[in-house]
Amino acid sequence: MIRYFFLSLFLVLFALPVQAQIYDTKYRPPSQEWMELNTEQFRLIYPKRYQKEAYRSLSILESESSDIGELVGGNMHRFPFILNPENDRSNGFVTTFNYRSEVELSPIISKSMNPKSGDWLEIVLPHELVHAMHFNSNPASVTRLLTLFCPDIRRATHTAAPAGFLEGIAVQYESHNPIPQAGRGHYPYFRNQFRSVLGTPEEWSMGQLIHTSTYTPPYNRHYIGGYEFVNWLLETYGDDSMQQAIEYHYSYPFLGFGTALRHETGYWPGKLYGQFSEEKKQNESQRLDEIANSTDSLSEEIPFSAKCKLLHRPKWLDETTLVFFGQSCNRTTGFFTYQMETNSVDLLDEVSITDDFVYDLSEDEQNLTYSRYHSHVLFDNVYRGDLHVLNPETGRSDRITKNLRLFSPARFGSDLLALKTAANQMELVRISPETGEIRQEYSKPEHSTIVQAAPNPFDPGSVAIIGRIKSSQGIWFENLNDDQSILDENPTIIFENGSIFDLSWHPTDEKLLFVSDHTGIMNVYEYDVQSEIIHQLTDSKFNAFEASYSPDGTRIAYVLQDQNEQTIHTINRDALLWKEIPQKDWQFDEDIKMSFERPLMGRDIAVDTTAWQPEPYTTGFAWLKPRLWLPSYEEDNGFHRPGLTFESVDVMTSQAYSLNMSLMAERFWYDASYIYKGFYPGFQVEVYDEPFFVSFPVDEEDETFQELLQQSRGASLKIPIPLTLESNVRYSSLYFEPQYFASQIRFLDPYESSTPVSDFGTRHTLGFRTVFNWNLRQFTRDVQPNSGWSFFIEGRHALNTDQFIIETEQLSVDGTLVKRRGLRAGISRFLSPLKRWNQSLRLSARVYTQTEVPVFGILSQYSDLFSETPLPGANNVGLFDARYTIPIIYPDDGGLLLPLYLSNIYLVLFSQTAADLDQSDSLSASRSVLGAGIRSRFRLSNLTFDIGIAIGWEPDTNNITYHFGNF
């Protein structure tokens, strides 16, 4: 069985299409002056101006590698870590293809990460290192044979495990490293999303715990569920149980991760899930019994008609009107207003704001200031935060700043306070709203960051600031009119066992709302500045956060974790808990002082950095060594064609090549391409020398033919110019690619290929390709866009003609390379008559016009539901398509033993009309097909498929056809 599997696997790999280049390239912002630090284990690449952060990063990686190796196995040898400096949509990843890790240096600003974990580098680097070492785990196994062909493919064997296990073990380590209370495993915002569904109809199945969620929040469910299951597995079956399962799965990946768990624990996944679920529900029942005065049932949810709601930060426009930010699966993203008297919800502005969801509403309610990401026009994956102001009355939004990387605005007199990206931290700055310029930058202690600033409306100049030093996040009160340095004194409010979030001032009294999770649940608290008393206001079962007072102070509105959704609730002041919190629980003490001074990653022994020597990064020539090589074999007209395919890419993914070489008919053949994106826009070059068998009639009456070998060689140059115009709720882009082709053909006797039977004929061709997308919008559960336009046009024009003569003993042929010309163009319009049900309509028209010797293939453009090729031989064709999608169900569920995950099932109604434009009456010469089908999106392990079955009817011929696959 094992031998059969690997033989099949090798055959699949060897049969990879020669043009299927697997190594991608990307544009990076220029003028970074890249440097590198090297140790035996790591190669850290970074911009020179961030050398301090580079030393900190490499110290973290070196200090954590030993413990991570004990958890997942694996080892490192000059593994590349790249620190990206320009992207504010922060994240990190490890890829097995071009094996490396990339981390955005700017910190995540949302609630998704536990502040107790420390700074951004202490959070992200250990997590990504777990993935890197996991993927490089290489126990003795026949799977090692893949290293002979491509170590990247061998490493990718680990990614056959469901994503929840990959992320679960990484979150497990970040939660149990030497930093006290670190990681999402100790974070109520993270874990209470799992607890909120236990014992309900929404409880996650085994498949939902460990498969990525496509259409149902939380969209990080595989992180949450993966951690809960992996943590339970280690506690129940031993600290090495996950490593043993990883190694077994690596040895027998075709058996699936469920079998690996069975081998390690003695139980199949269904039984394990039963044990896990029973224990978790029992623990949760005990936890809920301790919450005697829950305020959840005393609150009132505001209506918002949408699926999978994620609502944020309600603020009061007046006594009966709320404004909030909303995301959902079947409505647009943006600011909404809720009118209590009429129970009506209206869209205020369609926009996606930054992940902190912090915005400011002026006292006169005429200005709503927020931050949003702007994509870079030229470079890949570069988003920067900037400030905008929205007028709630007119709906007009204006941009205040440009490329300043600003977030979390708050009115401060006639100015604005905002947070600004500063390497891996956030600093506080003061902005002029008229000019968008920075007037003041406030210094702060080392290894600290700013989370939110809330100016005190009752004390001009005074500002409540949520700051974090190392792992402790609390509230400081600062006078920014007098001081240019902040967080120098001890915080006023800080909890040893939790963090603080979401500042909001009382409208009439000097009282401050905030949120803390020190009890294991996020709840809303109020601090009375004058009396220095803190009261707990909510007593939620799960999480309550982002609260604000009504204008008269009689109610608060806040966000509640409601199973898989986050909804907005209001509650009267009289129904609140009003539990006073002892001062000793929230005042600065020696334990917190020690947390301010803890060493890097909480380790007492520092990494020795004295031998590290920064040096300029150079691409060098080592990257030319193939990362992948695969043998191939074809048989064509009785001729054997063995070959080899090579591919590689440099570590910065700025250049890549693909080379296919083969032998046939005693000649060497090749097809090579090279892509360079080290500067914008870069270029792509291809050179080739390829064989094709062709037959020429010798005697048509006797139907005898002579077979010759056509040698086609040439080169092409393409210059891709992608422009991203907008990437927010709507997407607009322009792509233009000028092209040049030089090609030659001649003919050979396949049995004596060293002797040509013709000279070369040469053709030079110019071409271009353009795609323009305008205002495309797609909701989470849409199958295709529901609004916007898409245009494309592509053309080829030969510059010359050429002639050649084929002379053999049996025939003499005069050949001509004519001036081939071709143009194809199309337009698509996306509409949605019933967008609340995620239904969408695409109408498209395409035109092909070309010379008798065609440039573009048309056959592949016809619907597979035609009973036969509708317009055989036609080169000038018009196509009109309509496609209406109707989602039916979103199971968003699957299994583990059989790693099949069903995302959705949807109905498709479609039609295509093909018209021959060479006919005087194109309409009468047209062919049409009407069809309907049912399709499904599903995953087998981590491979995604979207296929279905359809029936078609041709009105012209009354034929009925069936098709399985893509349509």
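The protein chain contains 12 helices and 51 strands. Helices (H or I, at least four residues) and strands (E, at least two) are DSSP runs, numbered from the N terminus. The model is predicted: local features need pLDDT of at least 70, side-chain atom pairs count only at pLDDT 80 or more, and totals for chains, interfaces and linings use all residues. Residues are numbered from 1 along each chain as its sequence is written, and side-chain values use heavy atoms, with hydrogens and water left out.

The overall dimensions come next. The C-alpha trace of the protein chain spans about 110 × 65 × 60 Å along its principal axes. Of the 967 residues, 57% count as buried. Buried means under 20% relative accessible area, exposed over 50%, and partly exposed in between (1.4 Å probe, protein chains only).

The protein chain exposes about 40700 Å². Carbon and sulfur atoms supply 51% of that area. Areas come from the Shrake-Rupley method with a 1.4 Å probe; for residues, only the protein chains shown count as cover. Contacts (heavy atoms within 4.5 Å) were also counted along the sequence. Among those between residues at least 6 apart, 58% join residues at least 24 apart. The protein chain carries 80 positive and 125 negative side chains. Lys and Arg count as positive and Asp and Glu as negative, while His and the chain ends are not counted. The centres of the two sets lie 1 Å apart, with each charge placed at NZ of Lys, CZ of Arg, CG of Asp or CD of Glu.

Two strands pair if DSSP finds at least two bridges between them. Strands of a sheet pair through backbone hydrogen bonds, either parallel or antiparallel.

Strand S1 (residues 34–38) is mostly covered, with four of its five residues buried. S1 pairs with strand S2 (residues 42–47) in the antiparallel sense, over five bridges. A hairpin of three residues joins S1 to S2. S1 also pairs with strand S30 (residues 615–616), again antiparallel, over two bridges. Glu 36 takes part in both pairings: Ile 45 stands opposite in S2, and Glu 615 is the bridge partner in S30. S2 runs parallel to strand S3 (residues 79–84), and four bridges join them. Here Phe 42 has Phe 79 of S3 as its bridge partner.

Another open sheet has four strands, in the order S11-S12-S13-S14, with antiparallel pairing. Strand S11 (360–361) and strand S14 (397–399) are its edge strands, and each pairs on one side only. Two bridges join S11 to strand S12 (residues 368–375). In S12, Leu 368 is the bridge partner of Leu 361.

Several loop residues were examined in turn. Leu 298 is found between helix H11 (269–289) and strand S6 (300–301). Not counting residues up to four places away in sequence, Leu 298 touches Ile 571 and Ala 575. Ser 654 lies between strand S32 (639–649) and strand S33 (655–664). With a relative accessible area of 12%, Ser 654 is buried. Its contacts beyond four places in sequence include Thr 25, Lys 26 and Tyr 676.

Most residues other than glycine have a negative phi, and most peptide bonds are trans. The peptide bond from Pro 217 to Pro 218 is cis, with omega near 0°. Pro 218 is placed in the loop between helix H7 (206–210) and helix H8 (221–237). Tyr 680 and Pro 681 are also joined by a cis peptide bond, with omega about 5°. Pro 681 lies in the loop between strand S34 (667–676) and strand S35 (683–699).

Positive phi values occur at Leu 487, near 65°, and at Asn 838, about 60°. Leu 487 lies in the loop between strand S21 (472–479) and strand S22 (500–505). Leu 487 counts as buried, at 2% relative accessibility. Asn 838 lies in the loop between strand S44 (821–831) and strand S45 (840–850). Asn 838 counts as buried too, at 4% relative accessibility.
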